[in-house]
Amino acid sequence: MVTASKSQIKEDKQDTNVEPPNIPPHREVLARWDPAKAQRPVIEEAPVFYPSSEEFEDTFSYIAKIRPLAEPFGICRIVPPSNWSPPCLLKEKSIWEDTKFHTRVQNVELLQNREPTTKKKKHKGRKRKRGFSRISSSKRRPAASVSSPETKEEELYGFNSGPDFTLEEFEKYDRYFKDSYFERKEGNVDDTKRSPSIEEIEGEYWRIVEKASDEVEVEVYYGADLEKRVLGSGFERGETSGWNLNNLPRLSASLLSFEHGDISGVLVPWLYVGMCFSSFCWHVEDHHLYSVNYNHFGDPKVWYGVPGSHATSLEKVMKKYLPALFDETPDLLHGLVTQFSPSILKDEGVPVYRAVQHAGEYVLTFPRAYHAGFNSGFNCAEAVNFATVDWLSHGQHAVELLSKENKKTSVSHDKLLLGAAYEAVRFLSAGGEESRESLRWRSFCGKNGTLTKAVETRLLMEEGRIDALGSGFRLLKMDKDFDSNRERDCVKCSYDLHLTASGCNKCSPGKYVCTKHAKELCSCEGIYRFVLLRYTLDELSSLVRALEGEREDLKTWGSKVIKDCSVTHKGEPRGFDLNLDFQVDDEIDNTSDTRHDASSMMNFAAYVELINLGFLVFGDLWCNNHAIFPKGFKSRVKFYNVKDPTRMSYYISEVVDAGVLGPFFRVTLEESQEESFSSFSPQSCWEMVLLKVNEEMKKRSSQEHNIHTLESIDGLQMFGFLSASIVQAIEALDPNHGLVQYWNYKKQRGSLEMKDRFMSNSSLSLTGGKHVGFDLK
């Protein structure tokens, strides 16, 4: 990008009398308004709503009220009552004058009409021609080169990094740009100084996008996607209204309240500082969520929306008119870098609607509703996402679409779905007088309720996928903490694995796929391959019946949900555990083997994750009566932190080769490598860990209550050498029974004792203690 300092900017007295502002280096404004060629689209207006002060009090009740009227348009405008005038923190001097924010460069004439970024190259052999946009009647200049991997996609399409501005500087630059651009060369003095109307700016904007000539570039800046750490939020801290976008995603009616993480741009609002012609291109929200945008101050934003029911139609039309761009980048619309004429959409039969958002107004976008627009001048808006129960079907559709493109969702859909189900069960189970909240949740339940159908749909979907696997997979109960501390996504398609996951202990330890791709992970024998189930299909069927109102199922689920529910402060994630440890009838008692007394460990349940199976070394020292110790074996388990036993942390257990001395065992605190414990037996390693944990607990016992020391620990269990799935995988490494001591002892125990011991310890397997030991039929 060519930039110039203030001293380098030319003053063309014949063209303009506008003085350049004292701001960061920027391009000279050479392009000029051509009102005779205006291309303002003639389309219908999106609906506008004017809530009363009483209606405005309950954010989600009002959104639910207007949804049947507004959703068919994709977007709508909400004008708050006159008594709604929140102070804007962005106008504080320390922010307005002193705090810088980053901008992106947008070449408006390239937003629609541009050539693919891959330049034609001369080859000795056959040449491949790459055409341009059908809409373009002339050759477009190539986009800017790429400067870094992080900005690759945006910079390919001309969205290069721009100057840093303060809000004060950006307002001055926008004024300079508009005064320069919209000054006419002809007519009387009054005409040349007149400010253009919104309609005139709109007509000029689409003239540039659709019909701009090659000779003139229209370059603008946009402070988009500004995280909270940059300028903060425009809303006052402590403001409790649901229309404060810092509060809205966490309100009880928003399913995003079940997401514990602060996802920037989804649960934490982003700011958008615009200038004349800066654009937000056609897109849908992450995960097809709702979005709400508030214009804090400044000139209007002009929006265009297409209802979610016609999202596919928009995509088809854009691919029809921009084939070269989509040929090069099939997921072009994910990049938010392509604008497209609403007039053409209308001519092709796609319903498209317009909204002009003034300062102090909200714009609401509905699930899967494509939207786009531009700023008519300097302004600052703030936006965030939310999800209601009616969104669930849209969200499930988004999950399936994104998995086909191997793209991650911004939130775990199944977590939100189950969170909503738990909340509904809680209200359905509660006695006493009905509240507005309980009535609202009841409205989503029953045999044909929106929530009931969403859970049932997900059950049927997963049931079909598991049935399609046929035999050859063991079904295991998923540990409740499987994805509590890390994201778990399918390595094949990025599908979220909160509900089910498949893996193989032999060839792919630590890697997981969804049930759609379970067969594609490997072709190992069935004893190694497994499917982890957070809930069995019978349990999920019971949950559906509970939502339908079946008394016994509601009692079963209700007792568990109410037990795990805790009081939370307003605006915080829900208190009950989204990874409910559901008790099933065929749960195996993990205390039946007195040799491994779980009660002595305060009923601590070890969930061991296999990282590396290793390989066998044949010798007397590489096994004992109860376990085989592969060289290179590595596992991961959560236990009390030796530095702070009030919290749980992960430990890495591994087996290394000590030469003639045989296997050497080591346990290391994952977050603090200096905390390492080594010995020639797994038991000694973990006893050292336990000793240090207890020492730290005793130090704290005088200051803190309810801290109890642990009496004993089983080193084999903590390594994973008693986990059923890991035992099977290790045993399969020795089909000829070369490690004689282990196999002889196993044979001597007798078939009945062997079965009892194996089943009792299966609860400590990869699935964390509720082994459902059956094969798929």
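Ser725 sits in helix H21, which covers residues 724-731; helices here are DSSP runs of H or I with at least four residues, strands are runs of E with at least two, and both are numbered from the N terminus. This is a predicted model, with local features needing pLDDT of at least 70 and side-chain atom pairs counting only at pLDDT 80 or more, while totals for chains, interfaces and linings use all residues. Residues are numbered from 1 along each chain as its sequence is written, and side-chain values use heavy atoms, with hydrogens and water left out.

How exposed or buried is Ser725? Its relative accessible area is 1%, so Ser725 is buried (buried is under 20% relative accessible area, exposed is over 50%, and partly exposed is in between, using a 1.4 Å probe and protein chains only). Along the sequence, Ser725 is 221 residues from Cys504, yet their C-alpha atoms are 9.6 Å apart in space.

## Val266, a loop residue

Val266 belongs to the loop that links helix H8 (228-231) with strand S7 (270-274). With a relative accessible area of 2%, Val266 counts as buried too.

Who does Val266 touch, setting aside neighbours within four places in sequence? The list is Pro249, Leu256, Asp286, Leu289, Val384, Asn385 and Ser410, where contact means heavy atoms within 4.5 Å. Phe386 lies 120 residues from Val266 along the chain, with 7.6 Å between their C-alpha atoms.

## Where H13 meets H17

Helix H13 (residues 413-429) and helix H17 (residues 537-548) have axes that come within 10 Å and cross at roughly 45°. Those axes are lines fitted to C-alpha atoms over the stretch in contact, and angles run from 0 to 180 degrees between N-to-C directions. The pair is therefore oblique, given that under 35 degrees is roughly parallel, over 145 roughly antiparallel, 65 to 115 roughly perpendicular and the rest oblique.

On the H13 side, the contact uses Leu418, Ala421, Ala424, Val425 and Leu428, and H17 brings Leu543, Ala546 and Leu547. By class, that makes eight nonpolar residues, no polar and no charged (Ala, Val, Leu, Ile, Met, Phe, Trp, Tyr, Cys and Pro count as nonpolar, Asp, Glu, Lys and Arg as charged, and the others, Gly among them, as polar).

## The whole protein

Zooming out, the protein has 23 helices and 24 strands. Of its 777 residues, 55% are buried. Take the contacts between residues at least 6 apart in sequence: 76% of them join residues at least 24 apart.
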